[in-house]
Amino acid sequence: MDGLHEAIVSEEDWEKAQVKIKTQAKRYEHVNREAGEKIHMLSGIVKCPICGAGMYGNKSIKKKPDGTNYKDYFYYGSKHRFMTRGHKCTYRNQINEEVLDKSVAEVVSRLVSRPKFSARMKEKINTQVDTTAIDQEIAAYEKQLRNNSNLKIKLIEEMDALDFDDKHYGRKKRDLGDRLDKAYDKIDELEEQLLSARAKKSAIEAEKVTTENIYRVLRSFNKFYGMMDEEERRKLMEALIAEIQIFEDKKENG
């Protein structure tokens, strides 16, 4: 039922606001990280040299003789998963996280400074976001919503046109009322589905990273890397690196 007072905002603005709210909810719904929690930049990306499984960031807490803690030591370690032959992984070395993160950043910095590498990355980055499927879904919801809105109007007109003197007036009114209630329920359902679909499309478009943005980061890697927080560095490494292979033992050159 429409409100009795003049609307403060237009229906179009209201719908845009609902889409934005849903988009932001989707974007942040998985962010449950506690304040100050350490983000391990290469966790899962660096691979165990024995079993090939991802190594994950950990923190070692050691106490001094006086009972106080040493400085937190962060490292990448294997979870000792079973290998395909049924033997447990025996690799127990702890890879200093600070050293490995710094080494990887240096390698990436040298790579992206090469014109050929940057040019190839620019060619490979896909800037086209295919929203065909979600556009079709939105169009389908909009069509169903129009049909059900028209049905609602028709049912209301039929109820208004009922003859009060008809002996079946009460039954006809109840039947039409039941159909009208179902139409309203369907309209509510479709409006919710339409808002969710539009929010999904908005989120897809918002998360798009253009070629120029990536290329700009690559050209000024050192500058941007130094300004990034832990989470941003983690996302960048996930985008650039599929996996990192390490030697079983540390080499003389580090």
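Predicted model: local features only at pLDDT ≥ 70, side-chain atom pairs only at ≥ 80, totals over all residues.

Residues are numbered from 1 along each chain as its sequence is written, and side-chain values use heavy atoms, with hydrogens and water left out.

Layout, then. The protein chain holds 8 helices and 5 strands; helices (H or I, at least four residues) and strands (E, at least two) are DSSP runs numbered from the N terminus. Read from the N terminus, the order of elements is α-β-β-β-β-α-α-α-α-α-α-α-β. Of the 254 residues in the protein chain, 27% are buried. Here buried is under 20% relative accessible area, exposed is over 50%, and partly exposed is in between, with a 1.4 Å probe and protein chains only. As for contacts, meaning heavy atoms within 4.5 Å, take those in the protein chain with a separation of 6 or more: residues 24 or more positions apart account for 62% of them.

Now the charges. How many salt bridges does a search of the whole structure find? It finds 9, where a salt bridge is a side-chain nitrogen of Lys or Arg within 4 Å of a carboxyl oxygen of Asp or Glu.

Which residues are linked in a network of salt bridges? They are Lys38, Glu97 and Glu230. Glu97 and Lys38 pair at 3.7 Å, N to O. That pair links distant parts of the chain, with Glu97 in helix α2 (residues 97-112) and Lys38 in the loop between α1 (11-28) and β1, 59 residues apart. Lys38 also forms a salt bridge with Glu230, and there the closest N and O atoms are 3.1 Å apart. The second pair again links distant parts of the chain: Glu230 is in helix α8 (residues 230-240), 192 residues from Lys38.

Is Glu97 buried or exposed? Glu97 is buried, with a relative accessible area of 1%. Lys38 is partly exposed at 29%, and Glu230 is partly exposed at 33%. The side chain of Glu97 also makes a polar contact with the side chain of His40, at 2.7 Å. A polar contact is a pair of N or O atoms within 3.5 Å; within protein, one must be able to donate a hydrogen and the other to accept it, and residues adjacent in sequence count only if both atoms are side-chain atoms. Leaving aside neighbours within four places in sequence, the contacts of Glu97 include Phe74, Tyr75 and Tyr76.

A separate salt bridge joins Asp135 and Lys201, at 2.8 Å, N to O. Asp135 lies in helix α4 (residues 132-160) and Lys201 in helix α5 (residues 169-206), so the pair ties together parts 66 residues apart in sequence. Asp135 is partly exposed at 29% relative accessibility, and Lys201 is partly exposed at 22%.

Next, the lysine. Lys47 sits in strand β1 (residues 46-47). Lys47 is buried yet has no salt bridge. Which side chain of opposite charge is nearest to Lys47? It is Glu243, 4.9 Å away; for charge, Lys and Arg count as positive and Asp and Glu as negative, while His and the chain ends are not counted. The side chain of Lys47 does reach the backbone oxygen of Gly44, at 3.0 Å. Leaving aside neighbours within four places in sequence, Lys47 is in contact with residues including Gly52, Met55, Glu243 and Ile246.

In α8, the buried residues are Arg234, Leu236 and Met237. They cover an arc of only 165 degrees around the axis, which puts them on the same side of α8; the arc is that of the directions from the helix axis to the C-beta atoms. On the other side of α8, Lys235 and Ala239 are exposed. At the start of α8, a side-chain oxygen of Asp229 comes to within 3.2 Å of the backbone nitrogen of Glu231.

In α4, the buried residues are Ile134, Ile138, Tyr141, Leu145, Asn148 and Leu155. The 29 residues of α4 should span 42 Å, and the end C-alpha atoms are 42 Å apart, which agrees. The expected span of a helix is 1.5 Å times one less than its number of residues.
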